[in-house]
Amino acid sequence: MKFAPLFALVLAACGTDLGGPCSAADPCDSGSVCDLTNPEGAICVDAKGDDDGDGILNERDFCQHQMGGAYDEDQDGFGDDCDACPIAPPPAAPDTDGDDVDSPCDPDPFTPGDRIVVFTGFNEPTLPSTWKATTAWTFQGGEAKVTPATATGLETLSAPLPLVSTNIALLTRYRVDRVDPAATESAASVIGIDRRPAGTTIVSCGGSRVAAMDRLLLDTGVGGSQDAMDQLFDPAGLYRVAIKLEGAQAQCAMISDRETGAAQAASNGEAMSEAGLTARGATIRFTYLLAVQRGPVGTN
Ligand SMILES: [Ca+2]
Ligand SMILES: [Ca+2]
Ligand SMILES: [Ca+2]
Ligand SMILES: [Ca+2]
């Protein structure tokens, strides 16, 4: 799908009649809103209607043609549930491989078959029932905030993944409220978990501070790698972290306001069954969790 540049649902006077074409620049008449997600092209629809019957009125529905659509993390007019990349507006060259996942969400922009399997902007006060989190997590204002119960304990949140795949990308973004001065290590990470009777494998990627030294840390359970960085716990900073697993290789990347980091290492090649977030020794506010997987043949 190719999307025109967009803004949020437009509620403006004068312009276009019900059923007529519209755009962010050419909004609808009073009482109607522009349905930007119409596959046939954006048209004005009744603001108080519910075209897809999901209980969300058109004026608040960012996915007018499928269930859900109450939230729009990146405010591009496409709801999180129907956005080809819910963390960034449509790029100039979207979806080069035609799998309905746009850059920068697509970990393999030239290999089709990727799917967004988990996304949350933490807009609900509780997690879905199949997710797990330690009691240190709270959800408010589009953020998952974690205040570790002790200076050394690891606090974890995790979501089940629907596919068994060794091709997976996990992304998050966070702010740091406070570093616990009693902590020997402070850390915030995105993780993949392979939980089996024979043992649990966790791969993690994120910022770590030990003895005033900051680094991006990749830990695959069977190996690891790191990249020294300057300032990973700045309360004014915004940190984006991604981990990509492909077969027996793991890559970890960090983009902050002022610097970037990267690390890679061998993994054991296990297929992840859960995606999650962790924090230790610092109060962290995560703004989203995104998982993109490439499934086995026949699942796409
Ligand atoms: Ca609706
Ligand atoms: Ca909807
Ligand atoms: Ca969106
Ligand atoms: Ca794609």
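By donors I mean N, O and S atoms within 2.8 Å of the metal (3.2 Å for Na, K and Ca); water is not among the atoms, so sites may look incomplete.

Before going on, I noted that this is a predicted model, in which local features need pLDDT of at least 70 and side-chain atom pairs count only at pLDDT 80 or more, while totals for chains, interfaces and linings use all residues. Residues are numbered from 1 along each chain as its sequence is written, chains are lettered from A and ligands numbered from 1 in the order in which they are written, and side-chain values use heavy atoms, with hydrogens and water left out.

Which residues hold the calcium ion (ligand 1)? I found Asp50 (OD), Asp52 (OD), Asp54 (OD), Ile56 (O) and Asp61 (OD), at 2.2 to 2.4 Å.

Next I checked how open these spots are. I used buried for under 20% relative accessible area, exposed for over 50% and partly exposed for in between (1.4 Å probe, protein chains only). Aspartate 50 has 25% relative accessibility, so I put it down as partly exposed. Aspartate 61 comes out at 0%, so I wrote buried.

**The neighbouring ion**

Then I moved to the calcium ion (ligand 2), which lies 4.2 Å from the calcium ion (ligand 1), with aspartate 52 coordinating both. Cysteine 63 is buried because its relative accessibility is 0%.

For the calcium ion (ligand 3) I listed Asp72 (OD), Asp74 (OD), Asp76 (OD), Phe78 (O) and Asp83 (OD), at 2.2 to 2.3 Å. The spacing here reads D-x1-D-x1-D-x1-F-x4-D. I looked up aspartate 74 and aspartate 76 too, and both are buried.

**Where the domains meet**

Last, I looked at domain 1 (1-83) and domain 2 (116-294), with bounds that come from an automatic or database domain assignment. Their centres, taken over C-alpha atoms, are 34 Å apart.

How many residues touch? Four in domain 1 contact eight in domain 2, where contact means heavy atoms within 4.5 Å.

About 460 Å² is buried between the two domains, 47% of it from carbon and sulfur atoms. That area is the accessible area (1.4 Å probe) that two parts lose on being put together, summed over both. In domain 1, Tyr71, Glu73 and Asp80 lose the most to domain 2, together 91% of what that side buries.

I also found one salt bridge across the interface, meaning a side-chain nitrogen of Lys or Arg within 4 Å of a carboxyl oxygen of Asp or Glu. Glutamate 73 pairs with arginine 173 in a salt bridge, the closest N and O atoms being 3.1 Å apart.
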